[in-house]
Every structure is written in C-alpha cells, then in structure tokens.
Amino acid sequence: MIGVNRPNHDYYVRMSLEAVNGIGLEHHATEITCAPVFSGFTEWVAQCETALLVVSWDWTRLDDGIIVQPHPRMVLSNLMLLNDYAFDQGVDATEAALMRLVDRLDWKPAVARTCDCLMARMPAPAV
C-alpha cells in the first residue's frame, strides 16, 4: 500500500465524513494472489489536497464468475476519519465509513478485467 508521510509522521490522511463521502476514487491496481481460485486485492486512490489517499480491500471470484468481498470484510487505508472537533474517530469508525464508500463504488468491473486477462493467458486444461 502506498503511504503518505504526514507532518505528524503517522502516514494518515485525515478528513471529515463529509469529505470522505465526496471522494472520487480511481482504480490503481488489482492483484491476483491465488489462482485458479482467483482471489486477491484491489487498490484505489484519490488525490486529496497534497496527499494521496489509498483504499484497498480483498476480493474473491466465485465459480459462477461473481466477484465478492470475503467475510469478514476489511478495508485498509491510510485515511483517518475526523469528528466535528477534528479529533480522530479511530480505526473502527474509519473502516465503517470506508466500507460504505466501497459499497457505493462500481469496483467489480475493474477486478473482472484483471481476472479475464489472466484467464486469457492461462493454457487450456488438458482433456
């Protein structure tokens, strides 16, 4: 995951829930970590003022081709959610906000393209 060196040296990009809800994430990379089952992680980024926000989560491609997030769901990021008084909300509140953001994002086509590219390069099974 890409880190951002902040003045407080903890690598977090801090923002309010309102700012998080306005983030326009763009696909950065999707990696397959296990084949032929097809599972991995996808990483999305957004430029926020002088910092780069990175959000990443795991995915699995089921036998019928449907792409899902495995349970328990987990979102990793260098974001820290702030409350109305500009205090850190903590990892749990931040992750919950990021999960809602991911749920609104149309991320599965990007992952499917990565899977399709790998499948096109795989040799046909022997009969």
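Which residues form one aromatic cluster?

Author: Trp44, Trp57 and Trp107 form that one aromatic cluster. Before the details, a word on the basis: this is a predicted model, in which local features need pLDDT of at least 70 and side-chain atom pairs count only at pLDDT 80 or more, while totals for chains, interfaces and linings use all residues. Residues are numbered from 1 along each chain as its sequence is written, and side-chain values use heavy atoms, with hydrogens and water left out.

The chain holds three helices and seven strands (DSSP runs, H or I of at least four residues for helices and E of at least two for strands, numbered from the N terminus), and along the sequence they follow the pattern β-α-β-β-β-β-β-β-α-α.

A pair of aromatic rings is described by the distance of the centres and the angle of the planes. Rings of Phe, Tyr and Trp (its six-membered ring) pair if their centres lie within 6.5 Å, and planes under 30 degrees apart count as stacked, over 60 as edge-to-face and the rest as tilted. The structure holds two aromatic pairs. In one of them, tryptophan 44 and tryptophan 57 are stacked, at 6.1 Å centre to centre and with 15° between the planes; this pair links distant parts of the chain, since tryptophan 44 lies in strand β3 and tryptophan 57 in strand β4, 13 residues apart. The rings of tryptophan 57 and tryptophan 107 have their centres 5.6 Å apart and their planes at 80°, so this pair is edge-to-face. Here, too, distant parts of the chain are linked, with tryptophan 57 in strand β4 and tryptophan 107 in the loop between α2 and α3, 50 residues apart.

As for burial (under 20% relative accessible area is buried, over 50% exposed, and in between partly exposed, with a 1.4 Å probe and protein chains only), tryptophan 44 is buried at 6%, tryptophan 57 is buried at 1%, and tryptophan 107 counts as buried at 4%.

Leaving aside neighbours within four places in sequence, tryptophan 107 is in contact (heavy atoms within 4.5 Å) with Thr42, Trp44, Trp57, Trp59, Ile67, Val68, Gln69 and Val102.
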